[in-house]
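Here are a few friendly notes to read alongside the model. Take them one at a time and find each residue on screen as you go.

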Amino acid sequence: MKVSTLIMGSQYDSVIPVWMQLLMHKKIQHSEFVVIRNTAHIAKLEQKDAFNRILRNFLKKHSKVS
């Protein structure tokens with residue numbers, strides 16, 4: 001893959017555990033991996049401010065055309 005990729009995981013996700021999230025990160029070159037602490041599978045609802053901040057920063061960082 002040659003696109004910017006953000007893997008945003010959840011600390012207590014039982015559907016896609018952190019070890020799987022980390023494996024995805026290792027398989028996708030130049031991906032960014034962030035774990036949101038104290039969340040389960042629905043981080044965007046459980047920690048919406050943190051989720052939105054991380055996503056906004058990622059998009060801002062990668063929105064500039066090279």
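1. Where is the place of Gln11? Gln11 sits in the loop between strand 1 and helix 1. Helices (H or I, at least four residues) and strands (E, at least two) are DSSP runs, numbered from the N terminus.

2. A word on the source. This is a predicted model, in which local features need pLDDT of at least 70, side-chain atom pairs count only at pLDDT 80 or more, and totals for chains, interfaces and linings use all residues. Residues are numbered from 1 along each chain as its sequence is written, and side-chain values use heavy atoms, with hydrogens and water left out.

3. Now the overall plan. The chain has three helices and two strands, and from the N terminus on the elements run β-α-β-α-α. Its C-alpha trace spans about 35 × 25 × 10 Å along the principal axes.

4. Look next at the strands. Strand 1 (residues 6-10) and strand 2 (residues 32-36) run parallel and are joined by five bridges; two strands pair if DSSP finds at least two bridges between them. Leu6 has Glu32 as its bridge partner in strand 2, and Met8 has Val34. To get from strand 1 to strand 2, the chain passes through helix 1 (residues 18-27), and this β-α-β crossover is right-handed. That word means that, with the strands pointing away from the viewer, the path from the first strand over the helix to the second runs clockwise.

5. Back to Gln11. Not counting residues up to four places away in sequence, Gln11 touches Val18, Val35, Ile36, Arg37, Asn38 and Thr39; a contact means heavy atoms within 4.5 Å. Gln11 and Ile36 are 25 residues apart along the chain, and their C-alpha atoms are separated by 6.0 Å.

6. Finally, the chain as a whole. Of its 66 residues, 21% are buried. Among contacts with a separation of 6 or more, 59% come from residues 24 or more positions apart.

Definitions and conventions:
Buried < 20%, exposed > 50% of the residue type's maximum accessible area, 1.4 Å probe, protein only.
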